[in-house]
Amino acid sequence: LALLHARRLDDAYLHLEMAHKLQPMNADILNHWGLVSLEMGNLGDARAKFERAVERDVQNPHTWHNLGLVMTKLGQPDKGIAHLRRAIELKPDHGL
C-alpha cells in the first residue's frame, strides 16, 4: 500500500502480482491490486480483480465499495449503486 500511496503504481502493481502468485486466494491482495488498476485507469482489470475479491470474501465492505465505484465508472450505475448499498449493509459507518 505504501507504493500506492506514493503513486508508484507500476511498482505497486508488480508487487501485488507477485503477492497474488504466492497467495491466490487472498481477497485483500486482490482488492488492493484492483485499487492499483483503478488508479492506473485500467477499469476492466480493476473490475475483474474486485469481482474475484468479492467471491473470496463476501463480507468485506471495502471490496464491495470499490466494485461499486468501478461499475459506476464503467457506465453501469445500477450495478454500482447495488454494490455500494451492499458495502453500507455490511458496515453502516463505512464512510462512503
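Asn 66 lies in helix H5, which covers residues 61–73. The model is predicted. Asn 66 has a relative accessibility of 8%, so this residue counts as buried, the cut-off being under 20%. Its side chain makes a polar contact with the side chain of His 65, at 3.5 Å. Beyond its neighbours within four places in sequence, Asn 66 is in contact with Asn 31, Leu 35 and Phe 50.

Helix H6 packs against H5 through its buried residues. H6 has 14 residues, 77–90, and at 1.5 Å a residue it should span 20 Å. The end C-alpha atoms are 20 Å apart, which agrees. The two sides of H6 carry these residues:

| Side of H6 | Residues |
|---|---|
| Buried | Gly 80, His 83, Leu 84, Ala 87 |
| Turned away from the buried side, exposed | Asp 78, Arg 85, Glu 89 |

Why do the buried residues line one face of the helix? Seen down the axis of H6, they fall within an arc of 100 degrees, so they line one face.

The largest nonpolar core has 10 residues, among them Leu 4, Ile 29, Trp 33 and Ala 53. Helix H2 (9–22) and helix H3 (27–39) each supply at least two residues of this core. H3 gives the largest share, five residues. Val 36 also belongs to this core. Not counting residues up to four places away in sequence, Val 36 touches Leu 4, Leu 9, Ala 12, Tyr 13 and Leu 16.

A second, separate core has nine residues, including Phe 50, Val 54, Met 71 and Ala 87.

Conventions: Residues are numbered from 1 along each chain as its sequence is written. This is a predicted model: local features need pLDDT of at least 70, side-chain atom pairs count only at pLDDT 80 or more; totals for chains, interfaces and linings use all residues. Side-chain values use heavy atoms; hydrogens and water are left out. Helices (H or I, at least four residues) and strands (E, at least two) are DSSP runs, numbered from the N terminus. Buried means under 20% relative accessible area, exposed over 50%, partly exposed in between (1.4 Å probe, protein chains only). A polar contact is a pair of N or O atoms within 3.5 Å; within protein, one must be able to donate a hydrogen and the other to accept it, and residues adjacent in sequence count only if both atoms are side-chain atoms. Contact means heavy atoms within 4.5 Å. The expected span of a helix is 1.5 Å times one less than its number of residues. The arc is that of the directions from the helix axis to the C-beta atoms. A nonpolar core is a set of buried Ala, Val, Leu, Ile, Met, Phe, Trp, Tyr and Cys residues joined through side-chain atoms within 4.5 Å.
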